[in-house]
Amino acid sequence: MHHFHFGAWEGTIVSSESLVEICLHGRGGQGAVTAANLLVAAALKDGNKGVQAFPFFGAERRGAPVRAFARVSDGEIHLRSEVYTPDIVIVLDESIMRVVDVLKGLKNGGKILINTRKKPDDFDFSKKFKVATVDATGIAIKHGILVGGMPVVNTPILGSVPRVLDKVTLQSIQGAIKNKWAGRLAEINVKATKDAYDSTEVNF
Amino acid sequence: MKRYDVVTTISYPKTGAMGKTGSWRVFKPIFDKAKCVKCLRCWIFCPEASIRREKDGTISIDYEYCKGCGICANECKVEAITMEREGGKK
Amino acid sequence: MTIMIDTGNYIAAKAAVMAKPDVVAAYPITPQTTLVEGIANYVGTGEFKGEYICVESEHSAMSACIGASAAGSRTFTGTSSHGLLLMHEMLHWAALARLPVVMCNINRVIGPGWNIWTDENDSISQRDTGWIQFYCSSNQEIFDTIIQAFRLAEHKNVSLPVMVSYNAFILSHTSMPVEIPKQQVIDDFLGKYEPLWKLDVDNPITFGNIIGPAGYYKVRRAMQDAQENAEKLIPQIAKEWKQKSGYYHGDLLELYKCDDAEYILLAMGAIGAESKVAIDEMQKKGVKIGLARVRTFRPFPKEEIVKLSRQADLIVIDRNISVGSEGALFSEVKAALYDKSDAKVYGFIAGLGGKDVPYYDVEIICKKAIDGKTKGYEWYGLEEA
């Protein structure tokens with residue numbers, strides 16, 4: 001738990017052991033909101049009783065930087081406000097990092113999972129934060145997860161989530177995917193999550 | 001520009017209030033001047049005012065703000081504007 | 001019982017369809033759109049077997065619901081913000097006709113300027129239409145309240161339309177897990193709708209004819225009686241729902257950690273849920289404070305609020321403003337206490353235009369009240385805008 005000053009009144013940022021707040025960064029159309037929803041569906045399956053997933057409240061535009069949020073907890077979640085101090089940041093599109101400060105509010109010792117070909121130590125903030133990297137775009141292309149010829153990274157990158165969040169298992173992520181899609185689509189997405197899980201590199 | 005002293009929702013014209021929206025593009029309009037018949041349909045229909053009128057009666061495209069919606073290419077009757085995949089994307 | 005994890009709107013669509021209305025008439029508006037889209041999807045899957053009427057405006061949506069309800073049908077609709085305002089005339093109409101239409105309203109800001117975020121000015125400005133008004137703070141509560149709303153609206157001692165409001169995006173577009181009972185549980189709970197009156201060719205009547213002053217006066221009084229009946233029935237219906245489904249959601253006020261509280265915070269909707277975190281934090285610091293989340297704005301829970309005031313001073317957060325006066329909940333709370341209590345009441349406006357109200361802001365608001373530094377009511381967080 002850490003404190004901050006807000007006028008004369010010292011407020012407290014709730015960070016009970018059980019509550020994990022996640023912020024996903026992507027571009028409109030990349031499926032950040034879908035990823036958040038699948039993530040919490042998996043978390044619920046894994047026995048986390050309180051889960052929430054929501055978009056940044058506003059109008060989304062294709063291609064514009066967007067955010068989505070998820071909360072995972074052992075008990076009922078009463079919070080209804082935005083996530084300002086995430087425990088985990090997930091970056092679906094590396095190019096976002098040039099225009100958006102994705103580290104904003106990330107808790108000390110927080111984790112950041114990035115879709116990139118680079119390694120964790122290639123990022124200058126890797127000394128301060130726990131960094132995980134995965135080439136989700138490459139994995140999407142390898143498995144033919146494409147829409148209009150463009151690789152779709154939101155499901156592959158979910159395979160890396162259990163590497164940064166021990167409250168969620170790969171099995172449940174795959175279960176949530178199979179719940180949402182059927183047939184070949186489910187199959188290639190499930191394979192992609194396994195690939196992502198195996199190929200995620202971490203500096204912690 | 002005239003400014004009004006009242007607290008309500010008045011907006012004043014400004015270039016690029018949303019930032020350089022050109023970074024949103026997946027497809028890019030390419031203009032072929034040789035085919036242009038100067039009808040200016042693209043200029044009329046562009047929802048983002050990203051088509052500039054040039055002195056010779058043709059147009060140019062403001063890539064800093066063009067979002068790549070493709071309306072100009074769709075409206076152009078002589079196919080002087082075509083859409084191409086943005087280069088340099090992974 | 002199954003657990004469904006979905007957004008407030010899709011949960012509302014599920015509840016509406018499981019209540020088996022005969023008619024749904026709706027017009028889409030952000031952020032209600034996915035609610036009617038959800039119901040339309042159930043038409044496609046065959047799970048919704050009623051009549052789904054696509055109309056050309058919200059005025060028409062409510063008119064169609066009124067017509068259908070007057071013909072003896074169970075009816076449902078949903079809207080938001082400007083859509084609700086366009087219905088205004090027909091809201092009065094439905095209530096005066098004593099038709100048990102159930103409607104979701106997704107609390108959204110009124111323009112101009114264009115703003116799709118949440119505040120409660122849309123539904124608060126409809127408070128005198130005669131509709132019963134609920135304010136929800138979780139997706140489970142949205143589900144339970146919609147089911148109970150049909151039972152309440154259709155009760156012979158009520159027979160009034162019911163509005164179930166919940167916050168734009170904060171609930172309408174946020175996924176949360178919800179326990180969904182079996183269809184049979186809902187069928188048993190709601191029973192068959194028996195209208196108090198209906199347009200029936202076999203028993204001809206005229207409805208809405210000219211009525212003299214004395215007769216109309218009685219119509220208004222009967223509506224007031226119906227609202228007072230609803231006040232007693234809401235907890236009873238909820239108790240029965242709890243026996244059948246396991247969930248309660250029936251208090252006029254939801255009390256949270258009010259034992260020994262010397263201050264009680266009153267808030268509605270999502271701020272009411274967020275405030276629980278603030279209460280937890282303040283109690284950890286030794287502040288004797290509890291929360292009473294106001295679930296029903298009409299009927300207004302006067303007696304319960306008077307009871308609380310015998311125990312504690314009251315702090316009220318309004319996500320609305322009756323321009324020229326003050327926050328609507330603040331006014332109503334003070335009016336309820338008149339001549340019955342000496343408790344202090346502190347009013348705060350917060351979160352208009354969808355401005356986020358995190359729990360630490362709620363803490364600061366409470367601290368200001370407890371320090372006694374406010375007079376009348378105060379606009380919180382205006383300087384940061």
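# Notebook: chain contacts, a sheet and some helices

I began with chains A and B: five residues of chain A are in contact with six residues of chain B (contact here: C-beta atoms, placed from the backbone, within 7 Å). On the side of chain A that touches chain B I get two nonpolar, two polar and one charged. My classes: Ala, Val, Leu, Ile, Met, Phe, Trp, Tyr, Cys and Pro are nonpolar, Asp, Glu, Lys and Arg are charged, and the others, Gly among them, are polar.

Ground rules before going on. This is a predicted model, where local features need pLDDT of at least 70, side-chain atom pairs count only at pLDDT 80 or more, and totals for chains, interfaces and linings use all residues. Residues are numbered from 1 along each chain as its sequence is written, while chains are lettered from A and ligands numbered from 1 in the order in which they are written.

**Confidence**

I looked up the scores: ipTM is 0.93 and pTM is 0.91. Chain C has a mean pLDDT of 96, with 99% of its residues at 70 or more (pLDDT is the predictor's confidence in each residue, from 0 to 100). Chain A averages 90, and 91% of its residues score at least 70. I flagged residues 1-13 of chain A, where the pLDDT is below 50; that stretch still has 21 contacts in the model beyond near neighbours in sequence.

**Chain C against chain A**

Next I went to the contact between chains C and A, which takes 25 residues from chain C and 22 residues from chain A. On the chain C side, β8 (175-180), α10 (269-284) and α13 (359-370) each supply at least two residues. Helices and strands here are DSSP runs numbered from the N terminus: H or I of at least four residues for helices, E of at least two for strands. Which element gives the most to the side of chain C that touches chain A? I found that α10(C) does, with six residues. By class, this side of chain C has 15 nonpolar, four polar and six charged residues.

**The sheet in chain C**

I traced an open sheet of six strands in chain C, with the order β9-β11-β10-β13-β14-β15 and mixed pairing (strands pair if DSSP finds at least two bridges between them). Its edge strands are β9 (253-256) and β15 (377-379) of chain C, each pairing on one side only. From one strand to the next the twist averages 20°.

I then zoomed in on β14 (residues 345-349) of chain C, which pairs with β15(C) in the parallel sense over three bridges. Ile349(C) stands opposite Trp379(C) in β15(C).

Two helices lie across this sheet. α12 (residues 328-337) of chain C covers β10 (263-267), β11 (289-294), β13 (313-318), β14 and β15 of chain C, and runs at about 150° to β13(C). α13(C) lies across β10, β11, β13 and β14 of chain C, at about 140° to β13(C). For these angles, axes are lines fitted to C-alpha atoms (for helices, over the stretch in contact), and the values run from 0 to 180 degrees between N-to-C directions.

The cut-offs I use: under 35 degrees is roughly parallel, over 145 roughly antiparallel, 65 to 115 roughly perpendicular, and the rest oblique.

With α2 (residues 33-45) of chain C, the axis of α1(C) comes within 8 Å and crosses at roughly 45°, so α1(C) and α2(C) are oblique to each other. This crossing of α1(C) and α2(C) is right-handed. In α1(C) the residues meeting α2(C) include Asn9(C), Tyr10(C) and Val17(C), and among those in α2(C) are Leu35(C), Ile39(C) and Tyr42(C). I sorted the residues of this contact into eight nonpolar, three polar and no charged.

Lastly, I noted a cis peptide bond between Pro112(C) and Gly113(C), with omega about -5°. Gly113(C) sits in the loop between β5 (102-107) and α6 (121-124) of chain C. Another cis bond joins Arg298(C) and Pro299(C), with omega about 0°. Pro299(C) is in the loop between β12 (296-298) and α11 (302-311) of chain C. Over in chain B, Leu40(B) has a positive phi, near 70°, in a residue other than glycine; Leu40(B) lies in the loop between β1 (27-31) and α1 (41-45) of chain B.

How values were computed
A crossing is left-handed if the near helix is turned anticlockwise from the far one by less than a right angle, and right-handed if clockwise.
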